Amino acid sequence: MAVTSNHLYHTGPHPIHGVLLAGTVHLFLGALLSDIAYWLSYEIQWSNFASWLIVGGLIFAGLALLFAIVDLFRSDDREHNTAVSSPLVYFLLLLATWVLGFINALVHAKDVWAIMPAALILSVIIAILALLATGIGFLRYRRGGAR
Amino acid sequence: MTYSGVLAAGVLAVLLGACSDDAADLYQYGPNPELPEPSRGLLPNMTIAGQAPWGDQQPIVPAGYTISAIATDLRIPRQTLILPNGDILVAEGRGGNAPALKPKDIVAGYIKSKGGTSVESGDRLTLLRDADGDVIYEMQTVFADNLNAPYGLALVGNALYVANQDALLPVKENLLRIAKGLVDGSVIVVLLVLVSATLCPNFSASLKTERMLMGLG
């Protein structure tokens with residue numbers, strides 16, 4: 001199973017890449033929690049919080065996306081390219097997170113309750129996507145590091 | 001208008017609307033205007049008007065009238081008040097500077113600035129005086145400055161009220177002196193405190209009713 005000649009090319013995501021990924025999850029999760037708080041309390045400040053957290057998430061996810069693109073072209077790992085943790089699946093998940101995150105930012109730019117319920121639904125989907133993308137990203141990192 | 005009348009107008013409007021989507025065909029006049037439904041996509045519909053200098057252009061006036069500028073080089077004039085002696089006070093300033101509560105506010109501020117003038121905000125009151133009655137305002141002087149986007153102006157008796165956009169400014173000695181020298185009688189300048197950033201606070205006041213009405217928005 002093990003093909004030792006691969007391990008030089010497969011070092012997994014860069015540590016900064018890992019930090020960006022982890023931040024993406026937390027920021028989008030924070031946005032989701034803020035949206036839930038707004039849904040429950042009608043307190044508009046929560047939607048303001050969510051708006052800023054989404055912008056933060058977009059910045060982190062966008063930078064992580066750059067790493068993912070590099071990964072896409074750099075990876076010679078045929079074994080992992082067929083698995084769930086292939087660079088393409090990871091890239092597409094992260095891309096979907098970012099695109100939906102951007103749409104969510106536009107939705108959050110509407111006035112007060114006009115953002116509901118789209119904002120909450122989008123935030124749930126984005127939080128799940130971000131979790132999946134990060135999970136797969138770190139899976140790749142773990143496998144690479146285990147060699 | 002009776003109920004059936006309203007209904008008929010509505011049906012007519014729908015029929016007309018079906019013929020053409022032109023806004024000109026909508027019933028937008030009268031007691032029951034047919035307003036378009038509110039709609040909002042992901043991005044708001046917006047058209048930013050471009051900046052254009054006046055140049056030599058002038059508003060068109062009816063036959064028998066002439067038009068000419070009584071003052072130029074004002075810095076964003078927004079409101080005027082004609083004083084009892086014929087002097088004109090002009091409030092100048094841009095306003096704004098509301099805190100950005102959402103990322104949208106930063107983007108919107110940039111977009112809105114595209115449609116604004118590049119003239120620097122005056123934040124002052126200018127006094128125009130035509131002393132000899134020839135309808136040429138030969139005197140143009142700064143009446144009060146270091147204000148914060150003044151808008152509302154009202155004269156009650158000898159008291160002049162100036163509504164700043166948001167800030168409380170102390171009444172300055174020299175300001176009072178200038179005021180006394182320029183306006184007949186003694187003048188008290190009062191700067192009203194507005195608790196939040198509001199654009200264009202306008203108001204009117206009356207000695208008879210002892211009431212002051214203020215519009216905020």
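## Two chains and the interface between them

Leaving aside its neighbours within four places in sequence, T134(A) is in contact (heavy atoms within 4.5 Å) with L21(A), A22(A) and V25(A). T134(A) belongs to helix α5, residues 118-146 of chain A, where helices (H or I, at least four residues) and strands (E, at least two) are DSSP runs numbered from the N terminus. With a relative accessibility of 9%, T134(A) counts as buried, a word that stands for under 20% relative accessible area, with exposed meaning over 50% and partly exposed in between (1.4 Å probe, protein chains only).

The model is predicted, so that local features need pLDDT of at least 70 and side-chain atom pairs count only at pLDDT 80 or more, while totals for chains, interfaces and linings use all residues. Residues are numbered from 1 along each chain as its sequence is written, chains are lettered from A and ligands numbered from 1 in the order in which they are written, and side-chain values use heavy atoms, with hydrogens and water left out.

### The two chains

Chain A follows the pattern α-α-α-α-α along its sequence, whereas chain B reads α-β-β-α-β-β-β-β-α-β-β-β. In the table, the accessible surfaces come from the Shrake-Rupley method with a 1.4 Å probe; for residues, only the protein chains shown count as cover.

| Chain | Helices and strands | Buried residues | Accessible surface |
|---|---|---|---|
| Chain B | three helices, nine strands | 26% of 217 residues | about 14,600 Å², 59% from carbon and sulfur atoms |

In chain A, residues 24 or more positions apart account for 79% of the contacts with a separation of 6 or more. For chain B, 55% of the contacts between residues at least 6 apart in sequence join residues at least 24 apart.

### Where the chains meet

Twelve residues of chain A are in contact with ten residues of chain B. The size of an interface is often given as the accessible area lost when the parts come together. Here the area buried between chain A and chain B (the accessible area, with a 1.4 Å probe, that two parts lose on being put together, summed over both) is about 970 Å², and carbon and sulfur atoms give 63% of this area. W52(A), L106(A) and K110(A) supply 49% of the area that chain A buries against chain B, more than any other three residues.

One salt bridge is counted between chain A and chain B, the term meaning a side-chain nitrogen of Lys or Arg within 4 Å of a carboxyl oxygen of Asp or Glu. D111(A) forms a salt bridge with K104(B), in which the closest N and O atoms are 2.9 Å apart. The elements that give two or more residues to the side of chain A that touches chain B are α2 and α4 (87-108) of chain A, and α2(A) provides the largest share of that side, five residues. The residues of this side of chain A divide into six nonpolar, four polar and two charged; Ala, Val, Leu, Ile, Met, Phe, Trp, Tyr, Cys and Pro count as nonpolar, Asp, Glu, Lys and Arg as charged, and the others, Gly among them, as polar.

### A residue of helix α2

N48(A) is found in helix α2, residues 44-74 of chain A, and is buried, with a relative accessible area of 7%. Leaving aside its neighbours within four places in sequence, N48(A) is in contact with L101(B) and K102(B).
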